[in-house]
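Good morning, everyone. Please look at the screen for a moment before I start talking.

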Amino acid sequence: MTHISHAPLRVALLGEFSAGKSTLANLLLGRTQSPVRVTATQMPPLWYTFGDAAPLRILDDDTEEALPEDAAHSVPVEGTKAVKVASDAAILARFDLFDMPGSSDPNMAPDTWDRLMPQVDIAIWCTPATQAWRQSEAALWDAMPAALQHRSMLLLTRIDKVSTTDRKRVLQRVRSETADQFRHVLPVALLSAQAPLEQCEASGLSEVMTALEDLCTHAEPFKAPPRQPDRPTRDESAPCVRPLITNPRRVSTLGTVPKHRRRTTDANALI
Ligand SMILES: Nc1nc2c(ncn2[C@@H]2O[C@H](COP(=O)(O)OP(=O)(O)O)[C@@H](O)[C@H]2O)c(=O)[nH]1
Ligand SMILES: [Mg+2]
């Protein structure tokens with residue numbers, strides 16, 4: 001029996017289809033492990049954890065099935081709670097990472113989120129800046145426990161697709177609408193983050209990493225995690241004191257979200 005509850009911290013990437021979750025997962029992992037897709041596809045949650053074990057399919061009843069090395073991305077969604085992929089990516093020494101299916105994905109089993117969300121310590125919600133924070137997203141996030149909301153951040157991805165003049169406006173609107181529901185609300189251009197250094201500087205990823213560090217520092221795991229004998233290399237005694245990235249390009253002080261709260265409908269959610 002496997003319970004997805006043993007990691008010191010569990011970070012979930014949430015949001016609707018094509019919001020940039022898998023792109024961000026790959027940036028955090030420092031390698032392409034999550035499939036980045038332009039069309040809707042059925043994917044169970046991908047659970048990245050530190051180690052070198054073979055991939056596992058975690059079934060709905062928590063039993064495990066070993067998978068061939070190359071089969072992690074071709075597992076049927078039906079009956080699958082998550083696919084657990086071990087990796088030696090540095091970031092996984094700090095937390096386990098869940099690349100979740102899109103919240104709007106009609107192929108996603110309705111209880112996929114219900115089963116995993118209670119075991120998530122930190123959420124990073126990705127919303128495309130071009131149609132940021134739709135009513136469907138707000139409704140889902142409203143239903144999340146306040147404790148999780150306060151340990152989470154909202155990323156306005158695809159900020160590169162918004163004109164410079166509109167960026168401030170969309171950021172202000174979303175910060176206002178989500179007041180007190182996220183600890184950080186930040187814009188990011190995830191594709192630029194893969195580009196040469198000058199564009200990386202402008203991508204916003206450095207601020208995202210600083211905010212993630214802050215979330216890790218302030219987040220206490222929901223449940224005291226028992227030590228896992230099969231994971232001896234993770235420093236579980238001090239999971240949040242080392243920097244998330246060894247060479248952050250820029251560190252900034254993050255503003256607080258405004259107290260005022262306003263809600264718009266999908267119709268006027270565009271910038
Ligand atoms: N221009 C731009 N494209 C992005 C950004 N983030 C993701 N994309 C693209 O959006 C598409 C969907 O990304 P993906 O990570 O698969 O989204 P997911 O469905 O949320 O996992 C891919 O073609 C990405 O290259 C961004 O910040 N800017
Ligand atoms: Mg994806």
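First, the ground rules. This is a predicted model, so local features need pLDDT of at least 70, side-chain atom pairs count only at pLDDT 80 or more, and totals for chains, interfaces and linings use all residues. Residues are numbered from 1 along each chain as its sequence is written, chains are lettered from A and ligands numbered from 1 in the order in which they are written, and side-chain values use heavy atoms, with hydrogens and water left out.

Now the overall picture. The protein has seven helices and nine strands. Helices (H or I, at least four residues) and strands (E, at least two) are DSSP runs, numbered from the N terminus. Of its 271 residues, 54% count as buried. Buried means under 20% relative accessible area, exposed over 50%, and partly exposed in between, with a 1.4 Å probe and protein chains only. The accessible surface comes to about 12,400 Å², and 55% of that belongs to carbon and sulfur atoms. Those areas come from the Shrake-Rupley method with a 1.4 Å probe; for residues, only the protein chains shown count as cover. Next, contacts, meaning heavy atoms within 4.5 Å. Take those between residues at least 6 apart in sequence: 76% join residues at least 24 apart.

On to salt bridges. A salt bridge is a side-chain nitrogen of Lys or Arg within 4 Å of a carboxyl oxygen of Asp or Glu. The count is nine. One of them joins D88 and R31, at 2.8 Å from N to O. D88 sits in the loop between β5 and β6, R31 in the loop between α1 and β2, and they are 57 residues apart. D88 is exposed, at 52%. R31 is partly exposed, at 34%.

Another pairs K81 with D62, at 2.6 Å from N to O. K81 lies in strand β5 and D62 in the loop between β3 and β4, so this pair ties together parts 19 residues apart in sequence. Are these two buried or exposed? Both K81 and D62 are buried.

One more: R169 and D166, at 3.0 Å from N to O. Both lie in helix α5, three residues apart, about one turn of the helix. An α-helix has 3.6 residues a turn, so residues three or four places apart point the same way. D166 is buried, at 18%.

Now helix α3, residues 135–142. Which of its residues are buried? E137, A138 and W141 are.

Next, ligand 1. A polar side-chain atom of T23 lies 2.6 Å from one of the ligand's oxygen atoms. A backbone N or O atom of S18 lies 2.7 Å from an oxygen atom of ligand 1. The protein covers 89% of the 580 Å² of accessible area that ligand 1 has on its own.

Last, the backbone angles. D62 is back: it is not a glycine, yet its phi is positive, about 75°. D62 is buried, at 11%. W133 is not a glycine either, and has a positive phi of about 55°. W133 lies in the loop between β7 and α3. It is buried, at 1%.

Notes
Polar contact = N/O pair within 3.5 Å; in protein donor to acceptor, adjacent residues only side chain to side chain.
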